[in-house]
Every structure is written in structure tokens, then in C-alpha cells.
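Thanks for coming, everyone. Let me put the model on the screen, and then we will walk through it piece by piece.

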Amino acid sequence: MDTISQSPDNFHAASGSYNFAYLDEQTKRMIRRALLKAITIPGYQVPFGGREMPLSYGWGTGGIQVTASVIGPEDILKVIDQGADDTTNAVSIRSFFAKTTGVETTTETAEATLIQTRHRIPETPLREDQVIVYQVPIPEPLRWLEPRETETRKMHGLAEYGGMHVRLYEDITRYGKIATSYDYPVIVNGRYLMRPSPIPKFDNPKMDQNPALQLFGAGREKRIYAVPPYTSVKSLDFEDHPFEIQTWDQDCAICGSTDSFLDEVITDDAGGRMFVCSDTDYCGQRMAAHDASDETETNQ
Amino acid sequence: MNSGSTAPLLSVSGLSHYYGAITGCCGVSFDLWPGEVIGVVGESGSGKTTLLNCISGRMAPTVGKVEFCTRTEGLADIYRMSEAERRMLMRTDWGFVHQNPRDGLRMGVSAGANIGERLMAVGARHYGEIRDTANDWLGKVEFNLDRMDHLPSTFSGGMQQRLQIARNLVTGPRLVFMDEPTGGLDVSVQARLLDLLRELVTDLGLSAIVVTHDLAVARLITQRLMVMRQGEVVETGLTDQVLDDPQHPYSQLLVSSILQV
Amino acid sequence: MSFRSPDPTPEIIVWVENLAKQFVLHNQGAAILEVLRDVSLTLRSGDCLVLNGPSGAGKSSLLRCIYGNYKSDSGRIVVRHNGQPVDMVAATPREVLSVRRQTLGYVSQFLKVIPRVATIDVVAEPLRREGMEAGRARDNAATMLHRLNVPERLWKLAPATFSGGEQQRVNIARGFVSDYPVMLLDEPTSALDATNREEVIALVQEKLAAGAAVIGIFHDEDVRDRLATHLLNMAPLREAA
């Protein structure tokens, strides 16, 4: 990924009126400085001067600004929403960058150098040469405990995180287990409490010691944070109620996967339903591999 | 109340707080000894709450010192220690019982979680043990144990106040600040709560500073009394002596103004 | 800043010297009410000093001054506390509390306690304050209540609704449950019938025999005559000239 140099030719080829990746160069620099700070203090929320973007808050304005600041002409971009490449949000953000940068886009996790995501981490393991950008609606994990920003900052400063367990305690008391299933709070690098954005807790273990660089952007609240490659990310839990991820009784109805995150799909109005991989690329790759091996068998 | 101890638990000297040109409290000095309960009385606006906020680490005084006898280092000025140390003190060795339980409770979580919070804040990470301890404390404050998993908003004022007390005492504090602890309660509930407070203070050897405008409360649970007026302490002494033989004109006025039933 | 007076002979356990007390009523035109002037007395082990005089002579005020409930204006009140003389006039509140906890018992005319607390706990409270474990304190309280004929069915009830005589017996039980070497009694028998009066006399006599000193006000001449080893006659003070 080449974030500094940019090719005016490439850009002019893509669009006649916008700067490369939409944002002006000064804004990108400002965001990159915030990103560098965020990377050096894993899990710490760095305020940045968020810009107005051509889509509304809640649609990924934070993630888009981060992506726009790190994307280079050589990058191959993948955008997913709830694991899928073909949902509205993913499609429009992908075409936004295709238009304003002219970079190549892909739906294949393994092919991408830069992935912007909402609510999932791909099932295919990420590599050192990849960057994943998360869209974050609410960055502050302590907000439900403490409404005052001055106070939450102080709590982060002093690592006063004991109160976070109160919510898990309530879960166990009410449901017999920790029922929080997404946006499950984590401690990064043994220090900062962080919201992983609304990914399912199924994905939490993937963040731990991940080889890829993980960046988080919250547009409305104008915060950036990061998890550098190979950094510890630990989910909160109790000694007698350890952290657990979701499991399903079914396998994926399409590809038969037994170890991916499944979505429930209603198929008719008579109670029909099926469970399929939420990661469409992963499911598709498996099907392709399956077809290929079928063909090999037929040919023989 | 242990007369054998040689150092005060809390030592306040020359404490004044000004809100701009307005005096909150002025020139207050006193020592609180382990096991002692001191009452602060005076009418609204006399500086009781300002004083309480200053000595409980919630508001730095304009001048003066507040020293607390920490477990490791002896007397230490609470406004010169690091904020981290002070906040640690406030959630372990100190308690603060608010007049309105809503200010001292987390209304959105169950009674058990309210008690467990302070334990979790100091590192407890075993659900079963936290629950057992919470259960013990609810018993000690004579709380209906069946309601441990209910939200505080479903409790009566007296129950909420008991819960607030248990929540404060669970970490075994040595000093508890109370701001009108029985203020919002029915007279009948007040009496039981006062008795409970007195019992807990005796059993646990707690020290307490109780701000109240109710002289009857002061008589029943405090040993020493400070009478405040316009930000200054005008009289101090044994509680029964100040109430039965007040010396300062204002104390006399205060005592003679009580309605006799 | 405890004042340690020169120690008189060790068998003297209470020593009052030139005690004076007046009330200044600031809110009533700074009127001055003089109640005690130049009061002196000494008590040895086994002494029962009875304060004698009409209403308004300052008998109760003297007891309250000795107990530290009233603030004395001048003079000394020395009480032997753990073998050491302590001047109650100059003592700090903490020292006064310590003397009250271990040395000086006081039975007031009326019971002043937290409403709605069970009688048995009201009586046990002084023991609990000394640090006695709850069960034992209750046992001792029960013994004392039995002795003063407070029926067991009342023990779990709060004394507020009791008759005058019952309340007074609860008050006496509370005063005598702990072993104080000096007792101050303010009309403890005023509302009692003959049987209970005898019981209180017996209690006081046992105390004296055990070496305690008692200063008392007894309305009843018979009680006074049977208990007093010394009399202090008091009269209302005239207006200061």
C-alpha cells in the first residue's frame, strides 16, 4: 500500500473534479497524524477533525475518512457490510472509492490490500500486508456507565475499568450467561478498554494477535483508534464465566461450513428458514473450490 | 471510638473554600479519630455540604489541608496525592452515602450489581464470589434477599437507602461520609435506618462524618458535633453537651427552634 | 490537652472543687441564670453522696456537669479513670467519651433512645459500645431486665409505648448493665412501685459494696436515708448582687 504518493494521471482518469480519494491533502495528513498516534497507543481514542462526507452519519463516514487517508493508487479495495460485498452500503462505498481514486476493487478477501468493514471481520485469515478499517458508530465503551466525557477520559487515563464488569454481571444474573453478543468490550494490549465496533463477539478472537493493521473510525464522534499488528486483544469475562463465542446447531445451508458465522435467512412466510455464512466471499470461495473438485471427479 | 489509637484517621486544618467572592466555608479545623462519628449541623446555606465535598475529596478547598491516615503511608494530604490514589481511596477506604439514593446508586442495574460494582472496581472477577458477598451485605442491611436481582427503581426509599449503604460498605471502608442519610425518608423508616447505621458503625468500628439539619439524627448517631453558620464552625463539642447546653447564640437558637413532640 | 490535676489520695475517686455553672441565654436578652457556685465534694470508694435540696437547687445540673453533659464555667471535676485522674472540665471530648465508656455511668430521669429499637437492645447497647459480642450483651441485658421485673414479653418491643415505671426500669437496667466504678443517678426511683424500688436499692447497695461510688438524687426520703453515706445540701442561688 502506498499512501503518500499519488498519481495525478490515475486520479484524472477516474474523475475530473475531485482530489484523489475525495479528501483534500491537508485533511488526509491530519487524519494520518491521528492514525499514527492511535497506532502508537493501541486502543486509545484519538480525536480528529472529522469532515462532512457525502453521505449521512451512521453510514460509515468515519471508516470512509480513514480509508481515504490511507488508500493509494496501488491498493486493491474490498468493502463489506455485515459480511456481504453486495449490500447497499458496501456497494456504494466501493463505487465511491472506485470513482474518486480509480483503484482496483475486489470482493475476495485474499486479494484485497485494504478492507473497509461494517459489523464483520472476514472469515479468511488476514495477512501482514493487509489493512482493515472498521466503521464505528459509538467509540466510547464507558459511555453507558458514565455520561460525562471528562469523566470517561479520566477513567481511561487511570484504567478504572471495573465498572464494565457490572454489565456482564447483569447478563449472567438475568440470562445465566454473558448474553452480550456484539460490540463486546475488549482490553487492548493489556491497557485500554476498547469497543470493537458492532462486530459479533464471534469475531473478537480474530482481533487478537492479528497480523493485519486494524484501524477504527467514528465519524459522528470524530474519534480514531487502532490495533497494530500482533497486539493482544482480550475480551472481558469472569473467572467462573469465561468468554465464549456463538455456536450453531446447523452448518451453512449453502457451503456446509461448520466454523463460520451464520446468518438466519427467512425463506417463506410459513416458518421456512435457513442458516448461511454471513461472509459471502468465504461462502463463495468454498462453493467454487467444491465445484472445482466435483469437476475433477467427473473428468476422471 | 478506640481511645488507645494515637493518630487521627482524618485531620482537617485551616480549610476554607470560596466560590468567587462568596464564602462556602471558612477556617475549619478538626480531627476525626478511628471509630468516631462526627455530626455537622446548621441550616441550609451554612456551608455543611461545601465542607463535606472538600473533605471527601470531591472538591479541592481554596486553602487548607485534608489529611487521611492511609493504610500504607500514615497521614497524607488527599489533595497532594495523585488523582489515581485519591480515587482509589474514594472507592475502597471511603464511602459516601447521598441523601437521595438515586445519586448514589446505579438505577439501571440490579441490587446485586450495585453492591458488586465496588468489588469489581477493585479487581474481583469471580461472579459466584461477588454474588455471595453481595448477598451477605444485603443480609447485614436487613434487605429482602429475594429482591437481589431487582432494579433499585422498584424499591421503597428506605430499601434504596439500605442498598446504598451496603454498596458503600462492601469494600470495608474505614470512613463514611453521609449527607442527610435519612433526609428523604418517612419518620418510621428513619428510626430503623438510624438504628441500623448505629449498629453498623459499632460492629465495623467505622468512622463517619454525618451532615444533617436534623438535630435528633445528630443526637442519636453522632458523638461529636460541629455547628456551622455562614460557612464557619461556631461551636463544637460532645453532641449531647452541644444540644443540652449550647454556648453560642446561634446554637442556642438552633436547639430552641426544634419542635417538641 | 488533658488536664491532669495533682493526684489526691488514691482512694478518692471523684473530686469536685469550686465548681461554677451559669447559663447565658443569648436569645432572651442575654439573661444569666446562675445554677452552681463554689461546689466542692469528694467521693471515696463505697460512698453514696445524696444531693439534697428543693427543686431548682441545681442538683440535676451538678450531675450533668460531672457527666460532661453541661459545660462547667470554672472549677474542676476530677474523676479517677483507669487509675489516672482526669479533669472533666478541661478534658477533650474524646477523653470525656472514654471516661463515660469505662468509668462513669449515668441514669437520667428519662429514657432517650432511638425509637423503635427493641428494649433488649436498648439495654444491651452500652455493652455493645464497649465491644462486647452481641449474644453475650443480650444475655447480660436479659439478666438485668429480669431483675427489674420487666416482663419478657416486652423485651422485643420498643420502650416508647411502655408505662412511666416500665420505661424507668429499662433506663435503670441500661445504666446498671455495665460495671461502672462511679454512678450518677438522677431520681431513678421516682416512678417505681415499692417492689421495684427495693430492687433498685439493692442494686445500688451491691454497687457500693463492690467499691463503686454513687452520687444520687432521690425524691423518696426512705430511699435517701437508706442509701446515703453523705449528704450535700443545695439551695437555689439568689440573683448575683
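Start at Glu187(C). Is Glu187(C) buried or exposed? Glu187(C) is buried, because its relative accessible area is 15%, and the cut-off for buried is under 20%. Please keep in mind that this is a predicted model. Where does Glu187(C) sit? Look in the loop between strand 7 and helix 6 of chain C. The backbone there is worth a look. Glu187(C) has a positive phi of about 50 degrees, and yet it is not a glycine. For context, most residues other than glycine have a negative phi.

Chain C has another case. Ala30(C) is not a glycine either, and its phi is positive, at about 50 degrees. Find Ala30(C) in the loop between strand 1 (12-25) and strand 2 (31-44) of chain C. Ala30(C) counts as partly exposed, with 42% relative accessibility.

Now the helices of chain C. Take helix 5, residues 164-176. Helix 5 of chain C has 13 residues. From first C-alpha to last, helix 5 of chain C reaches 18 Å, close to the 18 Å expected at 1.5 Å a residue. How many of its residues are buried? The count is 11 of 13, so helix 5 of chain C is mostly covered. Among the buried ones are Glu166(C), Arg169(C), Ile172(C) and Phe176(C).

What covers those residues of helix 5 of chain C? The cover includes strand 6 (104-107), helix 3 (119-129) and helix 4 (134-147) of chain C. It also includes strand 7 (182-186) and helix 6 (194-209) of chain C.

Let's zoom in on one of those neighbours. As a reminder, two packed helices are described by the angle between their axes and the distance between the axes. Helix 3 of chain C packs on helix 5 of chain C at an angle of about 30 degrees. Their axes are 7 Å apart. Angles under 35 degrees count as roughly parallel, so helix 3 and helix 5 of chain C are roughly parallel to each other. The crossing of helix 3 of chain C with helix 5 of chain C is right-handed. Which residues meet? From helix 3 of chain C, we have Thr119(C), Val122(C), Val123(C), Glu125(C) and Pro126(C). From helix 5 of chain C, we have Val170(C), Ala173(C) and Arg174(C). By class, that contact has five nonpolar, one polar and two charged residues.

How do the chains meet? Two pairs of chains are in contact, and chains B and C share the most contacts. Chain A and chain C are joined by no contact. Their closest C-alpha atoms lie 34 Å apart.

On to chain B. Helix 6 (residues 157-169) and helix 7 (residues 187-204) of chain B pack at an angle of about 15 degrees. Their axes are 10 Å apart. That angle makes helix 6 of chain B roughly parallel to helix 7 of chain B. The crossing of these two helices of chain B is right-handed. Helix 6 of chain B brings residues including Arg162(B), Ile165(B) and Leu169(B). Helix 7 of chain B brings residues including Leu193(B), Leu196(B) and Leu200(B). The classes are eight nonpolar, two polar and two charged.

Stay in chain B for Ile78(B). Ile78(B) is in the loop between strand 5 (74-77) and helix 2 (83-92) of chain B. Ile78(B) is buried, with a relative accessible area of 0%. What is Ile78(B) in contact with, beyond four places in sequence? The list includes Cys54(B), Val66(B), Phe68(B), Leu89(B) and Trp94(B).

Last, chain A. Helix 3 (residues 61-70) and helix 4 (residues 88-101) of chain A pack at about 30 degrees, with axes 12 Å apart. Helix 3 and helix 4 of chain A are therefore roughly parallel to each other. Helix 3 of chain A passes helix 4 of chain A in a right-handed crossing. Ile64(A), Thr67(A) and Ala68(A) of helix 3 meet Ile93(A), Phe96(A) and Phe97(A) of helix 4. That contact has five nonpolar residues, one polar and no charged.

Gly58(A) is exposed, at a relative accessible area of 55%.

Notes. Residues are numbered from 1 along each chain as its sequence is written. Chains are lettered from A and ligands numbered from 1 in the order in which they are written. This is a predicted model: local features need pLDDT of at least 70, side-chain atom pairs count only at pLDDT 80 or more; totals for chains, interfaces and linings use all residues. Side-chain values use heavy atoms; hydrogens and water are left out. Axes are lines fitted to C-alpha atoms, for helices over the stretch in contact, and angles run from 0 to 180 degrees between N-to-C directions. Helices (H or I, at least four residues) and strands (E, at least two) are DSSP runs, numbered from the N terminus. Angles under 35 degrees count as roughly parallel, over 145 as roughly antiparallel, 65 to 115 as roughly perpendicular and the rest as oblique. A crossing is left-handed if the near helix is turned anticlockwise from the far one by less than a right angle, and right-handed if clockwise. Contact means heavy atoms within 4.5 Å. Ala, Val, Leu, Ile, Met, Phe, Trp, Tyr, Cys and Pro count as nonpolar, Asp, Glu, Lys and Arg as charged, and the others, Gly among them, as polar. The expected span of a helix is 1.5 Å times one less than its number of residues. Buried means under 20% relative accessible area, exposed over 50%, partly exposed in between (1.4 Å probe, protein chains only).
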